Amino acid sequence: MAPSEIGTDLESLKNFGNDDLSLPKATVQKIVSEILPATTGISFSKDARDLLIECCVEFITLVSSEANEISEKDAKKTIACDHITKALETLGFGEYIPAVLDAAAQHKETQKVREKRGNKFEESGMTLAELEELQRQQFEQARERHA
């Protein structure tokens, strides 16, 4: 995608309801607060946070759109990490690739830990009826404590 096409493509994406896309304000505020701790004396206004969210959504839209085009050229129906890294390179954001690959590796490790946890229902050794009765009893106990 040529740089002159990027603006046009973003405008067409906005026509598809891109205005409805956002990021959780509290999460963005938490990230900003971690980067700019109160001890620095620098504050971050709500308007600045909202603008940052809009910029992030536009960036994600741009990269995912380019990655989608790359995956289609590869005759793939699923966007893979390789498509994201190629999109970043194509769009001139190659310096982000190492961080993206690190984040992907961390995500894979997190998924492995979650898979190892297993199914709590199966590990309980109880039938569904027994678990339902236990839940009913616990709700009753909670009601009595908070009555």
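K86 and D82 sit four residues apart in helix α4 (residues 81–90), which means that about one helical turn separates them. Their side chains meet in a salt bridge, with 3.3 Å from N to O. This is a predicted model, and the count of salt bridges in it comes to five. Three of these pairs are described below, after an outline of the chain.

**The chain as a whole**

- The protein chain has seven helices and zero strands.
- Along the sequence, its pattern reads α-α-α-α-α-α-α.
- The chain holds 147 residues, and buried residues make up 16% of them.
- Its accessible surface is about 11500 Å², and carbon and sulfur atoms account for 56% of that area.
- Among contacts with a separation of 6 or more, 48% join residues 24 or more positions apart.

- Side chains of opposite charge can pair when their charged atoms come close.
- A pair counts as a salt bridge here if a side-chain nitrogen of Lys or Arg lies within 4 Å of a carboxyl oxygen of Asp or Glu.

**The pair in helix α4**

- The N to O distance of 3.3 Å between K86 and D82 is within the 4 Å cut-off.
- K86 has a relative accessibility of 37%, so this residue counts as partly exposed.
- D82 is also partly exposed, because its relative accessible area is 42%.

**The pair in helix α5**

- E109 forms a salt bridge with K112, and their closest N and O atoms are 3.4 Å apart.
- Both residues belong to helix α5 (residues 97–117), where E109 and K112 are three residues apart, about one turn of the helix.
- E109 is at 44% relative accessibility and therefore counts as partly exposed.
- K112 is at 45% relative accessibility, which places this residue in the partly exposed class.

**The pair in helix α7**

- R143 and E140 meet through their side chains in a salt bridge of 2.9 Å, N to O.
- Helix α7 (residues 128–145) contains both R143 and E140, three residues apart, about one turn of the helix.
- Which class does R143 fall into, buried or exposed? R143 counts as exposed, because its relative accessibility is 51% and the class begins at values over 50%.
- E140 has a relative accessible area of 34%, so E140 is partly exposed.

How values were computed:
Residues numbered from 1 in each chain as written. Predicted model: local features only at pLDDT ≥ 70, side-chain atom pairs only at ≥ 80, totals over all residues. Heavy atoms only, no water. Helix = DSSP H or I, 4+ residues; strand = E, 2+ residues; numbered from the N terminus. Buried < 20%, exposed > 50% of the residue type's maximum accessible area, 1.4 Å probe, protein only. Contact = heavy atoms within 4.5 Å. Areas by Shrake-Rupley, 256 points an atom, 1.4 Å probe, with all protein chains shown as cover.
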